[in-house]
Amino acid sequence: MHPPSRSPSLNLIVLKQPFFVIQIEVEKLAKELIAQLSFAGKFFSITRTDEEVSVVGEIHEESLDEFREKATWTCIKIKGPMTHDLTGIMAAFTAPLKEAEVPIFAISTWNTDYVLVPTEKLQEACTALEKDGWTFEK
């Protein structure tokens, strides 16, 4: 499945810093954790459900050791911003990754999508996406 458009907003950017993905229990979501995340680093995401809390973030100088130990992901950002009438972006993006057997962890924001892949699978992911017609910005 090829990119649904040739728009530059669908170009891909590999973010340089490693990312972590952790899961914590709802009861352990502390204000201190949120404060630590919000004052350092360029990217973090907290998603809470009634079952769990997922925390994703970019490693930076002030990162806690527990985050550094889990920093085994690399983030591929769809450049954005994308309009909300676009359809099939995530399906088109993840199809070649599925074929290449590259696991993902996806996050969507108002402007764009971020897809994390295991760092050891980054080259396979980039190769699969380029073969499918996606364009990486340098």
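**Figure 1. Glu 137 is partly exposed, with a relative accessible area of 29%.** The view is taken from a predicted model. Glu 137 forms a salt bridge with Lys 79, and the closest N and O atoms of the pair are 3.2 Å apart. Lys 79 lies in the loop between β5 (73-78) and α3 (89-99), while Glu 137 belongs to the segment after α4 (122-131), so the pair ties together parts that are 58 residues apart in sequence. Lys 79 is partly exposed as well, at a relative accessible area of 33%.

**Figure 2. Lys 121 and Glu 124 meet in a salt bridge through their side chains.** The N to O distance is 3.9 Å, and a salt bridge is counted when these atoms lie within 4 Å. Glu 124 is partly exposed at 38% relative accessibility. Lys 121 is also partly exposed, with 23% relative accessibility. By this rule the count comes to 2 salt bridges. The chain has 14 positive and 21 negative side chains, and the centres of the two sets are 6 Å apart.

**Figure 3. Helix α3 has buried residues that are covered by several other elements.** The buried residues of α3 are Ile 89, Ala 92, Phe 93, Thr 94, Pro 96 and Leu 97. An α-helix has 3.6 residues a turn, so residues three or four places apart point the same way. Among the elements that cover the buried residues of α3 are the strands β1 (12-14), β5 and β7 (113-118). Helix α4 is also part of this cover.

Figure 4. The phi of Glu 101 is near 60°, a positive value in a residue other than glycine. Glu 101 lies in the loop between α3 and β6 (105-108). At 63% relative accessibility, Glu 101 counts as exposed.

**Figure 5. The peptide bond from Gly 80 to Pro 81 is cis.** The omega angle of this bond is near -10°. Pro 81 lies in the loop between β5 and α3. Lys 79, which forms the salt bridge with Glu 137, is also placed in the loop between β5 and α3.

**Figure 6. Glu 61 lies in the loop between β4 (53-58) and α2 (65-68).** Glu 61 counts as exposed, with 75% relative accessibility. The C-alpha atoms of Glu 61 and Thr 74 are separated by 17 Å, and the two residues are 13 residues apart along the chain.

Figure 7. From the N terminus on, the elements run β-β-α-β-β-α-β-α-β-β-α. The C-alpha atoms fill a box of roughly 45 × 30 × 25 Å along the principal axes. The radius of gyration is 16 Å, which agrees with the value near 14 Å that a compact globule of 138 residues would have. Of the 138 residues, 42% count as buried. Among contacts with a separation of 6 or more, 71% are accounted for by residues 24 or more positions apart. The accessible surface comes to about 8,400 Å², and 52% of that surface belongs to carbon and sulfur atoms.

How values were computed: Residues are numbered from 1 along each chain as its sequence is written. This is a predicted model: local features need pLDDT of at least 70, side-chain atom pairs count only at pLDDT 80 or more; totals for chains, interfaces and linings use all residues. Side-chain values use heavy atoms; hydrogens and water are left out. Helices (H or I, at least four residues) and strands (E, at least two) are DSSP runs, numbered from the N terminus. The radius of gyration is taken over C-alpha atoms; the globule rule is 2.2 Å times the number of residues to the power 0.38. Buried means under 20% relative accessible area, exposed over 50%, partly exposed in between (1.4 Å probe, protein chains only). Contact means heavy atoms within 4.5 Å. Accessible areas come from the Shrake-Rupley method with a 1.4 Å probe; for residues, only the protein chains shown count as cover. Lys and Arg count as positive and Asp and Glu as negative; His and the chain ends are not counted. The place of a charge is taken as NZ of Lys, CZ of Arg, CG of Asp or CD of Glu.
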